[in-house]
Amino acid sequence: MRKKIVAGNWKMNLLDEEVINFIVDFNSKKNSIESEAEIIILPASIYLDTMISMPDWDIKIGAQNCSQFNNGAYTGEISAAMLRDFDYDSENLHYCLVGHSERRAYFNETNFICADKVNRLLENKLKPIYCCGEELKDRESENHFSLVQAQIEEGLFHLSEDELKQVVIAYEPVWAIGTGVTASSEQAQEMHLFIRTLLDKRYGDEVANSISILYGGSCKPDNARELFNQTDIDGGLIGGASLKVDSFIQIINSF
Ligand code: PGA
């Protein structure tokens, strides 16, 4: 059985007090969660500590980014070792996003930089949530499959079988992120199956069938159930709708 996952990518939103309010509100509504999906929240790095320090907080936590380098003169960067180090005792921090389309577009992250980040995270016992997805122009020119194939192969296929099993993949068509336009469940399933077939050809079906592949891009309470019902969609990477407790919980309950 593949793990079902709902991850909230808060991006550069919510200040400390809002983070605390979210957690208090979420905890008070936790009893309404019916699904067994693993729940992850990815706040801005500066608030990871706030989250980790909250009492009665058993949701998994992740960072949104880390450096591709081990350490050294990289002003402003946070290394994977630092992420691991500051939560060494409680071990609540499990995940880190890699290659979100906003980082690829605004911070020039290539597949090869993403591959280095994946390596740094695995070396530090953190699980990468590796994002891939095409822009509208790629889909319109029917280049979307080969683009996603290159993202997967160049970012992940250097890994051993055991290493790959630590990775979660998120397919996020760029044209659907924050736009209100969702990929249809057929479009999403088609790409998820394509990705799983790539994994199967490279690593075999046991590995391919053990990797959770999440859908992201305007996933909301009113479309999550149909998306999560698809055979190869194992949950969601949720942006805007994860900033409000009620909509986030409704999505979590959509399996
Ligand atoms: P969205 O963002 O749900 O607001 O479209 C998803 C993401 O970028 O991870």
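Biologist: Leaving aside its neighbours within four places in sequence, which residues is S185 in contact with?

Modeller: A contact here means heavy atoms within 4.5 Å. With neighbours up to four places away in sequence set aside, the contacts of S185 are E226, L227 and Q230.

Biologist: Which pLDDT do side-chain atom pairs need to count?

Modeller: Residues are numbered from 1 along each chain as its sequence is written, and side-chain values use heavy atoms, with hydrogens and water left out. This is a predicted model, in which totals for chains, interfaces and linings use all residues, local features need pLDDT of at least 70, and side-chain atom pairs count only at pLDDT 80 or more.

Biologist: Is S185 buried or exposed?

Modeller: S185 lies in helix α9; helices (H or I, at least four residues) and strands (E, at least two) are DSSP runs, numbered from the N terminus. Buried means under 20% relative accessible area, exposed over 50%, and partly exposed in between, with a 1.4 Å probe and protein chains only. Because its relative accessible area is 5%, S185 is buried.

Biologist: Which residue's side chain makes a polar contact with the side chain of S185?

Modeller: A polar contact is a pair of N or O atoms within 3.5 Å; within protein, one must be able to donate a hydrogen and the other to accept it, and residues adjacent in sequence count only if both atoms are side-chain atoms. At 2.6 Å, the side-chain partner of S185 is E226.

Biologist: Which residues come nearest to the ligand?

Modeller: A residue is near a molecule if one of its heavy atoms lies within 4 Å of it. There are 13 residues around the ligand, and those that come nearest are K11, H100, E172, G178 and S218.

Biologist: How much of the ligand's exposed area does the protein bury?

Modeller: Oxygen atoms of the ligand lie 2.7 Å from a polar side-chain atom of K11, 2.7 Å from a side-chain N or O atom of H100 and 2.9 Å from a backbone N or O atom of G239. Accessible areas come from the Shrake-Rupley method with a 1.4 Å probe; for residues, only the protein chains shown count as cover. Of the 280 Å² that the ligand exposes when taken alone, the protein buries 94%.

Biologist: What value is phi of S218 near?

Modeller: S218 is found in the loop between β7 (213-216) and α11 (221-228), and at 12% relative accessibility it counts as buried. Phi is positive here, in a residue other than glycine, and near 55°.
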